[in-house]
Amino acid sequence: MPLITLRDIQLSYGQQPLLDHVNLSIDVGERLCLIGRNGAGKSTLMKVIAEEIQADDGQIEKTQGLSVARLEQEVPDDQEHSVHFMVAEGLGEQGALLSEHAELVHHLGDGDDKILARFEELSTEIEARGAWQLSQRVDTVLSKLNLDGDMSFAGLSGGMKRRVLLARALVQDPDILLLDEPTNHLDMESIQWLEEFLKNFGTTLVFISHDRAFIRSLATRIIELDRGKLTSWPGSYEKYLSGKQAALDAEEKANAEFDKKLSQEEKWIRQGIKARRTRNEGRVRALKAMRDEFSQRRSRTGTASLTIQSSDNSGKIVVEADKISYAVGGKQIVRDFSVALMRGDRVGILGPNGCGKSTLIRLLLDRLAPDSGTVKQGTQLQVAYFDQLRDTLDEEKSVIDNVAEGSDVINLNGQNKHVIGYLQDFLFDPARVRQPVKSLSGGERNRLLLAKLFTKPFNLLVLDEPTNDLDAETLELLEEQLINYQGTLLLVSHDREFIDNVVTSTLVFEHGELNSYVGGYQDWLRQRPEPKREKTVKAAKPAAVAEKPAPARKKLSYKDQRELEQLPARIEQLEADLDAVQTRMSDPDFYKGEPADISAAQARQSELEQQLEVAFSRWDELDQQG
């Protein structure tokens, strides 16, 4: 029996319905990927499944007690709460009580009567609501996702914030988990972690994504929302692609045959008085029905038409960096780095969030001065720079003013084109071009920035995270244009398939260094050194030299040797003591006791954890010496 079934769901916000008689069944253990063009209504369908939005018509049938949790697309950045608070918030009012209770525990020793009174009040209310057992669930989820509940949410990276929000959804123990663009703004390492976690977690998933590698790895079924209709494509992403193309070809053929017949019937009805004398009323009624069908037909949203303008060639050497170093706030971004970018190179820049990819671009473009070393740019450079921060768009100006800058035409390869027609190539409706940029969605902003970028010729194209929020079709079109682009390309992206299809070499931030590799992402995976193997290679020396570490074992004093022998037993005892304390604290009745006892147990847990960490560190240190 399906967990949930949607029958004939209808929902409209304008003339055309977002959801037009949508039907969907979700079975236990499925991982469904919901795809569709930007603005097709995917997030709206998610909210209907989660019952956050009421459909205009239709039925939703679900198993008794079904729990649905949704991970929203936007990450809140103004939350000053702890990670524990943010996760427990997923439990609603009971979670809020547990979070406040957990925070007050740390202040019981302050001697504040108001804190003690509130603590006792919370304990009573939590017991009355039967919420003690939920505290263990929060701790379990935090542990599974490797999160520190005491850390401040506001101070986390974007990737870690998304992990906290995932924990907030998982703590509800949902039967169905809804994820809206979960990979947006995550680096490759975080995306791979998320893939493996969701595969192994075992819950039923419905997720929206345009990351093709993520979809291929995770999805067991593709569902597509297109012009209000939902179509299911069981199997792999490749089966969806081939099946979808066949369906579009069949639709195009059927429409062409329909339009031809309609044209013939319209010609017949206009033949005049002679024809009217023998007119078949049934044929007239059929023509009216055809007219109605044609008027209700919803054409597919067009595909963006991206055109990269040709430019004069740059010099053979585009950028040459010689032993450059740069640090920010004591953090070394690059050290003694040298590279020569030649005309026609297509270079991807990879690395985790915050490692300095955008900073490296600014150094190479001479927009930042290195602390040491030199950067020389080649001759006849014309640079186009797509910035992930979108700071080249004026939020208050309209779409058309951002692109045309007061003109009515755009010159493309020597030919004038009206700016509204040019923006239509980037899927901007004429009614939309007068609206301010601040009203645009993420995908629309990306398309607008590309439209602005491509109004001028260039021979060095720099793209910093261009794929976020782009739908799959626009992404593939951009990919095709870049493959055919004859100039030099610098690309920062966390889209693994996009990197593989576009670049010919990569610069990778890894292990505190910036290294160069031939090929794309998959090529880097094959070429990168394995840390363990690297240590083995460095240690591989002639036999006579390899015996040198042996004298080091004699350096251990008698006292150190005794300590090394006794440490395993001490670690085992510390672990047993810590386990006993944690078992006691996991009992719901524990928090009903005296505040002083609770505070003492918390302190003992912290003390044992610190002693265990010191013991492990000392054991590792002595073991390496001996």
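Reader: In which loop is Asn 146 found?
Author: This is a predicted model, in which local features need pLDDT of at least 70, side-chain atom pairs count only at pLDDT 80 or more, and totals for chains, interfaces and linings use all residues. Residues are numbered from 1 along each chain as its sequence is written, and side-chain values use heavy atoms, with hydrogens and water left out. With helices (H or I, at least four residues) and strands (E, at least two) taken as DSSP runs numbered from the N terminus, Asn 146 is found in the loop between α5 (132-144) and α6.

Reader: Does Asn 146 count as buried or exposed?
Author: Buried means under 20% relative accessible area, exposed over 50%, and partly exposed in between, with a 1.4 Å probe and protein chains only. Asn 146 has 58% relative accessibility, and therefore counts as exposed.

Reader: What phi does Asn 146 have?
Author: Most residues other than glycine have a negative phi. Asn 146 is not a glycine, and yet its phi is positive, at about 55 degrees.

Reader: Where is the place of Asp 173?
Author: Asp 173 also is not a glycine and has a positive phi, of about 50 degrees. Its place is in the loop between α6 and β6 (176-180).

Reader: How are α6 and α7 oriented to each other?
Author: Axes are lines fitted to C-alpha atoms, for helices over the stretch in contact, and angles run from 0 to 180 degrees between N-to-C directions. The axes of α6 (residues 158-170) and α7 (residues 188-201) come within 13 Å and cross at roughly 10 degrees. Angles under 35 degrees count as roughly parallel, over 145 as roughly antiparallel, 65 to 115 as roughly perpendicular and the rest as oblique, so α6 and α7 are roughly parallel.

Reader: Which residues in α7 meet α6?
Author: Contact means heavy atoms within 4.5 Å. From α6 the contact takes Arg 163, Leu 166 and Leu 170, and these meet, in α7, Trp 193, Leu 194, Phe 197 and Phe 201.

Reader: What distance separates the end C-alpha atoms of α7?
Author: The expected span of a helix is 1.5 Å times one less than its number of residues. The 14 residues of α7 should therefore span 20 Å, and this agrees with the distance between its end C-alpha atoms, 20 Å.

Reader: At what angle do α3 and α4 pack?
Author: Helix α3 covers residues 93-105 and helix α4 residues 113-129. Their axes are 10 Å apart, and the two helices pack at an angle of about 145 degrees.
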